[in-house]
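Me: Please put the model up. I'll ask about it as I go.

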Amino acid sequence: MPKPIPGELTFVAPRGAKPPRHLADLTAAERREAVAELGEKPFRADQLSRQYFSRLSAGPDEWTDIPAASRAKLGEALLPELMSVVRNVSCDDDATRKTLWKLFDGVLVESVLMRYPDRVTMCISSQAGCGMNCPFCATGQAGLTRNLSTGEIVEQIAAGMRSIKNGEFGSDGSGEAGAVRLSNVVFMGMGEPLANYKRVIAAIRRLTDPAPGGFGLSQRGITVSTVGLVPAINRLADEEMSVRLAVSLHAPDDELRDTLVPVNTRWRVAEVLDAAWAYAERSGRRISIEYALIKDINDQAWRADLLGRLLKNHRAHVNLIPLNPTPGSKWTASRPEDEREFVRQLKLHGVPVTVRDTRGQEIDGACGQLAAAG
């Protein structure tokens, strides 16, 4: 597709062929209806859900609680293959694995599994490409191809959990394969999650609904990132969820943020932060402020001071991100001394701050680069 025009925003995804219907696209009631339409007893929907969400089964051959004569029909109608692996690339002593997926229409998206001493986190995509057009982001520069379906979002998680279960990622080799468990999911891969609002919320329901309706993950282990779509943030607050909200701010002043995060021309810094504080109040969760440090662009001490003034006395934590440059970009990561001074200025205002552990730099670390390479 044509390269985005600088500053141009795309909120509505282009129309195209829809992915096949998948069990994860449906509510529990809709699953029972779909199974009945196939001539099966409605309780088969719970059996099928248990196989997918609880047992993480790889296919009909494992569905021993479902009659053999029904398995192929149910599998074809409700558990079609949504994506296939193009390649897996690992680094950080195999503690990070990025997967490039090909969807039914040939579109490429990425997900990342990251193993830490006390947890496994998965970063997933919600769109193919992105319409927010942030100039330092590989995905933003690719433009928006389409929204992912709920099933395509959820299947990234299912695939990651199967890998852990099978001992392919996260097994310590001393006990049951995959003894570690996926505990954290971050919507920080390709796309702007709140621009695909309905499907992302439905996916969160599938991730957190108790078995057999979903994976039974904790909402508190899920983070949803946004560049600042204020109406959608307000809508998320009304969901009465306890997921963490991460705001990709990247600049404390409107003049610079208009360039770095073009959606700022629609909703200004003050509006975005006001919506974030309202979400924090409703959800009881601290807001994560994402800030990619870019050399000589947004890493000045005075900007750190301004950011600290905006955030102090609010329920916020700053996550500083050393920039992973995209190929051909004029921007690069901050100097270590500037990073340290930025941290110092924020701490002077009593604002909690950490510098993100940059995983996967050897494998096209920034989201979208693996897909761009094909």
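**Loops, salt bridges and a charged patch**

Me: Where is Pro212 found?
Reply: Pro212 is in the loop between α6 and β8, the latter being residues 222-226. Helices here are DSSP runs of H or I with at least four residues, strands are runs of E with at least two, and both are numbered from the N terminus.

Me: Before I go on, what are the ground rules?
Reply: This is a predicted model, where local features need pLDDT of at least 70, side-chain atom pairs count only at pLDDT 80 or more, and totals for chains, interfaces and linings use all residues. Residues are numbered from 1 along each chain as its sequence is written, and side-chain values use heavy atoms, with hydrogens and water left out.

Me: Fine. Which residue does a cis peptide bond join to Pro212?
Reply: Ala211; omega for that bond is about 5 degrees.

Me: And α6 itself, how many of its residues are buried?
Reply: Nine of the twelve, so the helix is mostly covered. Buried means under 20% relative accessible area, exposed means over 50%, and partly exposed is in between, with a 1.4 Å probe and protein chains only. The buried residues include Tyr197, Val200, Ile201 and Arg206.

Me: Which residues form a positive surface patch with Lys198?
Reply: Arg15, Lys18, Arg199 and Arg235. Patch members have over 30% relative accessible area and no salt bridge; like charges are joined within 9 Å, and nonpolar side chains (Val, Leu, Ile, Met, Phe, Trp, Tyr) within 5 Å. Lys and Arg count as positive, Asp and Glu as negative, while His and the chain ends are not counted. A charge is placed at NZ of Lys, CZ of Arg, CG of Asp or CD of Glu. Areas come from the Shrake-Rupley method with a 1.4 Å probe.

Me: Switching to salt bridges. How many are there?
Reply: The count is 19. A salt bridge needs a side-chain nitrogen of Lys or Arg within 4 Å of a carboxyl oxygen of Asp or Glu.

Me: Which residue does Arg146 pair with?
Reply: Asp105, at 2.7 Å from N to O. The pair links distant parts of the chain, 41 residues apart: Arg146 is in strand β6 (144-147), and Asp105 is in the loop between β2 (96-103) and β3 (108-116). Arg146 counts as buried at 8% relative accessibility, whereas Asp105 counts as partly exposed at 35%.

Me: Which salt bridges does Arg335 make?
Reply: Arg335 pairs with Asp296, the closest N and O atoms being 2.6 Å apart. That pair also links distant parts of the chain, 39 residues apart: Asp296 is in the loop between β10 (287-293) and α10 (301-311), and Arg335 is in the loop between β11 (316-322) and α11 (336-348). Arg335 also meets Asp338 in a salt bridge at 2.9 Å, N to O. Asp296 is partly exposed, at 45% relative accessible area, and so is Arg335, at 29%.

Me: Which residues are linked with Arg44 in a network?
Reply: Glu40 and Lys73, through salt bridges.

Me: Backbone next. Which residues have a positive phi although they are not glycine?
Reply: Leu56 has a phi of about 55 degrees, and His250 has a phi of about 70 degrees. Leu56 is in the loop between α2 (44-54) and α3 (68-78) and counts as buried at 11% relative accessibility. His250 is in the loop between β9 (244-248) and α8 (254-260) and is buried at 7%.

Me: What about Ile66, buried or exposed?
Reply: Ile66 counts as buried, at 1% relative accessibility.

Me: Last one: how far is Arg21 from Leu78?
Reply: Their C-alpha atoms are separated by 6.4 Å, at 57 residues apart along the chain. Arg21 is in the segment before α1 (28-37) and is partly exposed, with a relative accessible area of 37%.
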